[in-house]
Amino acid sequence: MSGDGGPVVGRLSVVGVGPAGPEWITPEVAARLEAATDLVGYGPYLERIAGPHHRVHASDNREELARAMHALDMAAEGRDVVVVSGGDPGVFAMAAAIFEALEGAQAQRWAGVEVDVTPGVSAMQAAAARLGAPLGNDFCVISLSDNLKPWSLIQRRVRLAAEADFAMAFYNPISRARPWQLGEALGIVREAQGPDTLVMLATAVGRGEREDVQISTLGEVDPTMANMSTLVIVGAASTRVLERPSGRRHVYTPRYVESAE
Ligand code: SAH
């Protein structure tokens, strides 16, 4: 598949390894990892998956564009490069960074590199599955990190999504620089949806004893319980708790919404 741009000289795949252990790595991703010569990504992810035949290029979690360009350079040398993201590579992760590089000033030097993206289980899917089906109706997904966009835009998106009665999944709820972001975002939802709205903090889902899943309400939740490994799900008006005969509680959003008229 070289299109009309000349011969393919290298390959770069962006893959998602899921939010936790190997059981959430798809067979397709496992096959791409196995075939690769070079793995590029955030150190802790690579430790989970690197084999003896891989050259490993670990980097800091914040240097995404530099990492993307380095990976493309290696692919242009004819190597079989896999860029690794946690979760899904298209959700607040490396796939978009690769395309940003491919649209940048230096794109010509990667003209012969074939690029593909292989999906993974995203944290919101793992967290939702643990809870039941809180994202069973319309929902939206917002990163609360203001590293790459203004906080005022995040406020606006949260407010409009709450007014439209979406369930919501918040990624990156807390950062060291801005520990107040989650509390403020939940406050915005509370203004539109009220204090009984369900809010779930799902931390380190799939990571054994570190996993912690809390079911709360906007009126009662303590945002400081969240950390950088927490996925926050805010319910819509129809999201509810179902208690089974065993006492186990599930959170779900029905597929239907009753007409307000
Ligand atoms: N590409 C990733 C998201 C990267 S952003 C994906 O699709 O999942 C990093 C954020 O993902 C974290 O701040 C947290 O909100 C969420 N996250 C990643 N792994 C998680 C896990 N095991 N449990 C809960 N949230 C997780």
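Just after helix 5, glycine 132 takes a positive phi of about 140°. I start there, but keep in mind that this is a predicted model.

Helix 5 itself covers residues 123–131. Its buried residues are Met124, Ala126, Ala127, Ala128 and Leu131.

Now the overall layout. Where the two meet, 9 residues of domain 1 are in contact with 10 residues of domain 2.

Next, helix 1, residues 27–35. Which residues of helix 1 are buried? They are Val29, Arg32 and Leu33. Those three cover an arc of only 100° around the axis, which puts them on the same side of helix 1. Pro27 and Glu34, on the other side of helix 1, are exposed. As for what the buried residues of helix 1 pack against, there are strand 1 (10–16), strand 2 (38–42), strand 4 (80–85) and strand 5 (113–118), plus helix 2 (43–49).

On to the ligand. There are 20 residues around the ligand, and Asp88, Val91, Ser122, Met228 and Thr230 come nearest. Here are some polar distances. From an oxygen atom of the ligand to an N or O atom in the side chain of serine 122, the distance is 2.6 Å. An oxygen atom of the ligand also lies 2.8 Å from a polar backbone atom of aspartate 88. On the nitrogen side, a ligand nitrogen atom is 3.4 Å from a polar backbone atom of alanine 204. On its own the ligand has 550 Å² of accessible area, and the protein covers 91% of that.

One of those nearest residues deserves a slide of its own: threonine 230. It is found in strand 11, residues 230–234. Is threonine 230 buried or exposed? Its relative accessibility is 5%, and the cut-off for buried is under 20%, so threonine 230 counts as buried.

What does the side chain of threonine 230 make a polar contact with? One partner is the side chain of threonine 203, at 2.7 Å. The threonine 230 side chain also reaches the backbone nitrogen of asparagine 227, at 2.9 Å. If we leave aside neighbours within four places in sequence, threonine 230 is in contact with Phe170, Pro173, Leu201, Ala202 and Thr203.

Methods:
Residues are numbered from 1 along each chain as its sequence is written. This is a predicted model: local features need pLDDT of at least 70, side-chain atom pairs count only at pLDDT 80 or more; totals for chains, interfaces and linings use all residues. Side-chain values use heavy atoms; hydrogens and water are left out. Buried means under 20% relative accessible area, exposed over 50%, partly exposed in between (1.4 Å probe, protein chains only). Helices (H or I, at least four residues) and strands (E, at least two) are DSSP runs, numbered from the N terminus. The arc is that of the directions from the helix axis to the C-beta atoms. Contact means heavy atoms within 4.5 Å. A residue is near a molecule or strand if one of its heavy atoms lies within 4 Å of it. A polar contact is a pair of N or O atoms within 3.5 Å; within protein, one must be able to donate a hydrogen and the other to accept it, and residues adjacent in sequence count only if both atoms are side-chain atoms. Accessible areas come from the Shrake-Rupley method with a 1.4 Å probe; for residues, only the protein chains shown count as cover.
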